[in-house]
Amino acid sequence: MIAQRPPMGWNSWNTFGDKINDSLIREMADLMAEKGYRDAGYEYLVIDDCWSLRERDAEGRLVPDPQKFPHGMKDLADYVHSKGLKFGMYSCAGVMTCAGYPSSYDHEFVDAETFASWGVDFLKYDFCHFPETGDCRTRYQTMSMALKSTGRDILFSACNWGQHEPWYWMRSVGAHMYRSTGDIMDNYISFTDIFKSQLNNLGMSANGCFNDMDMLTVGMGGKGNVGLGKVCTYEEYRMQFALWCLAGVPLMMGADLRNLDPRYLALMQNRDLIRIDQDEECRPPYLIRKGNITASNPNPKEGEYPWREIKDASFTFFRHLSHGEFALAYVNMSDAESRIHCELVDLGLPVSSGMALEIRDVFTGEQLGKKADYFNPVVPGHDMKLYLCRLTKARE
Ligand code: GAL
């Protein structure tokens, strides 16, 4: 079965946009194999938009741009496969891709056949230039059927930016992941907005079809194709990665792996985080509480208080993992440090149960011992805490 767990890989769009070519993709394949990404689980290497010529050939087939891909796609796919990776490509449900290249509306079967003949294992399928008269659901269904008709196992990554509430129907048309939001930008506001927009859809994701909150920008540092606004700090990128793992969604890296800061390599290969993302039960996190944060207001203007209230800025989550483990997260989306409260009764452990949680900090590895009754860590602004827990008796 395809996509038993949230798919993991690398996609060219966030950093390279239209500046893609054969040697770049081979270099990424080498790095994914040599630098531990493949062994950590990142298996799909995906070329996004801008790989083809502007016209189909005489037989109506898509043609790779010979300047960018002089050896053709089959040769490149063979190389990617030789590194123990899977090969992904991109097309679109409309009449042109977002960047204006030919796409698959009314060419679904011939294009699926072409992709299969090249050895493609993953198709990202976008939604630009979709005819007003077209029916979105049917067209995704058509491409899904076209991919199946090839007889090749091809992961169908449907990208329609959350239009037409895809969380309700993408699983039913055979998609293996569906983009649920607009494009991520490489800044803090963008990824926190994306995450918050999906709070009600985290459960619309499980084995075989996952909510896709878009490719990661972790480690991009403002460089590349989606840099906009303030560059993220290490803690902000860590929050992005940890939230995606907590949500159990696809992990498609977007940074330039040729010069990624080793801290981000370590973060995106963190075994505990990947284990949480890839947990076999694929359960969504349980939102314990969304709360406000009270922060000081040191120089109040007239009519203001010496404190300020920041709305909907703290989030506490609890996620059931397999084999008796749980993840517990405290997220501070405000700019002010805050103690975030969690009474264990709110996650189903009243004091009278006599039970406690044995807690380990995922980011530091520190064992924090047993927590019963409550656990209220201090979380800096724009940061989060993530713990792995097990149930234990409060007194033993
Ligand atoms: C957007 C899509 C992006 C990227 C881009 C390519 O519609 O959301 O992820 O694929 O098109 O033009």
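In this predicted model, a polar side-chain atom of Asp183 lies 2.5 Å from an oxygen atom of the ligand. The chain is assigned two domains, domain 1 (8-277) and domain 2 (286-393), with bounds that come from an automatic or database domain assignment. Local features need pLDDT of at least 70 and side-chain atom pairs count only at pLDDT 80 or more, while totals for chains, interfaces and linings use all residues. Residues are numbered from 1 along each chain as its sequence is written, and side-chain values use heavy atoms, with hydrogens and water left out.

**Ligand surroundings**

- Asp48 places a polar side-chain atom 2.7 Å from an oxygen atom of the ligand.
- For Arg179, an N or O atom of the side chain is 3.1 Å from a ligand oxygen atom.

**Contact between the domains**

- The centres of domain 1 and domain 2, taken over C-alpha atoms, are 33 Å apart.
- Domain 1 contributes 21 residues to the contact and domain 2 contributes 20 residues, where contact means heavy atoms within 4.5 Å.
- About 1800 Å² is buried between domain 1 and domain 2, 69% of it on carbon and sulfur atoms; buried area is the accessible area (1.4 Å probe) that two parts lose on being put together, summed over both.
- Between domain 1 and domain 2 there are eight residue pairs in polar contact, both residues at pLDDT 80 or more; a polar contact is a pair of N or O atoms within 3.5 Å, and within protein one must be able to donate a hydrogen and the other to accept it, with residues adjacent in sequence counting only if both atoms are side-chain atoms.
- On the side of domain 1 that touches domain 2, helix H8 (188-197), helix H9 (234-247) and helix H11 (271-277) each supply at least two residues, and H9 gives the most, with nine residues.

**Salt bridges**

- The whole structure holds 22 salt bridges, each a side-chain nitrogen of Lys or Arg within 4 Å of a carboxyl oxygen of Asp or Glu.
- Three salt bridges are counted between domain 1 and domain 2.
- Asp383 and Arg238 form a salt bridge through their side chains, at 3.1 Å from N to O.
- Arg152 and Asp121 form a salt bridge, with their closest N and O atoms 2.5 Å apart.

Note on methods:
Helices (H or I, at least four residues) and strands (E, at least two) are DSSP runs, numbered from the N terminus.
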